[in-house]
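Subject: Structure for you to look at

Hi,

Here is the structure I said I would send over. Have a look at it first, then read on for what turned up.

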Amino acid sequence: MNPAAHTFRFEIGPYWIQLPSHAEITASVKTPSGAYQTAWTTWVVSLGRFQLLIHLDPNSGFSDLKSFIDQTTKSDVITAPIGVNNIPGVMHGDYSPPRTWIDWWFKKGDTMICLCLQSKQFPFTEPTPEEVAEHNSIVQSIKYVPDFPGEKPSADG
């Protein structure tokens with residue numbers, strides 16, 4: 001059986017991700033506020049008992065993931081460097097109580113893609129090996145496709 005036959009390509013800005021055919025996608029847009037007047041879109045990918053929240057960020061850098069986590073939920077965390085398909089990134093989190101929460105931030109070119117996997121319910125939802133494999137497959141499928149062939153990534157990505 002061809003696993004790719006049970007997936008579809010989801011395009012977000014310059015990034016492409018393969019999602020399972022059962023994934024359901026919604027978008028949430030926060031209206032502009034503040035000096036910059038920028039709307040913020042978050043795509044929510046429902047994956048059964050889990051959800052993947054995705055947004056694009058043209059302003060943040062990898063160190064901002066640590067700062068965000070330190071300020072919101074934990075303190076003095078260590079983010080791990082990662083890379084997928086020649087796209088550098090950082091990650092933090094795991095499948096553990098009180099809730100699955102894993103962040104992956106990737107950046108190539110001038111826009112970062114931020115993914116956050118969460119369990120939908122409290123208390124902790126123990127993932128099956130198949131769910132973990134599905135989540136890993138989604139993250140490993142990320143590709144960077146510039147708008148213009150021959151476009152070179154900026155110095156920071």
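Start at the hairpin of β8 and β9: two residues sit between the strands, and Gly-109 has a positive phi near 75 degrees there. Keep in mind that this is a predicted model.

β8 (residues 101-108) and β9 run antiparallel and are joined by eight bridges.

Now, is β9 mostly covered or mostly open? Covered: β9 spans residues 111-119, and nine of its nine residues are buried. In a regular strand, side chains alternate between the two faces of the sheet. Here both faces of β9 are covered. One side has Thr-111, Ile-113, Leu-115, Leu-117 and Ser-119, while the other has Met-112, Cys-114, Cys-116 and Gln-118.

What does a disulfide search of the whole structure find? It finds zero. Cys-114 is in no disulfide, as the nearest cysteine sulfur, on Cys-116, is 9.8 Å away, and the cut-off is within 2.5 Å. Why does Cys-114 count as buried? Because its relative accessibility is 1%, and buried means under 20%. Cys-116 comes in at 9%, so Cys-116 counts as buried too.

Cheers

Note on methods:
Residues numbered from 1 in each chain as written. Predicted model: local features only at pLDDT ≥ 70, side-chain atom pairs only at ≥ 80, totals over all residues. Heavy atoms only, no water. Buried < 20%, exposed > 50% of the residue type's maximum accessible area, 1.4 Å probe, protein only. Helix = DSSP H or I, 4+ residues; strand = E, 2+ residues; numbered from the N terminus. Pairing = 2+ DSSP bridges.
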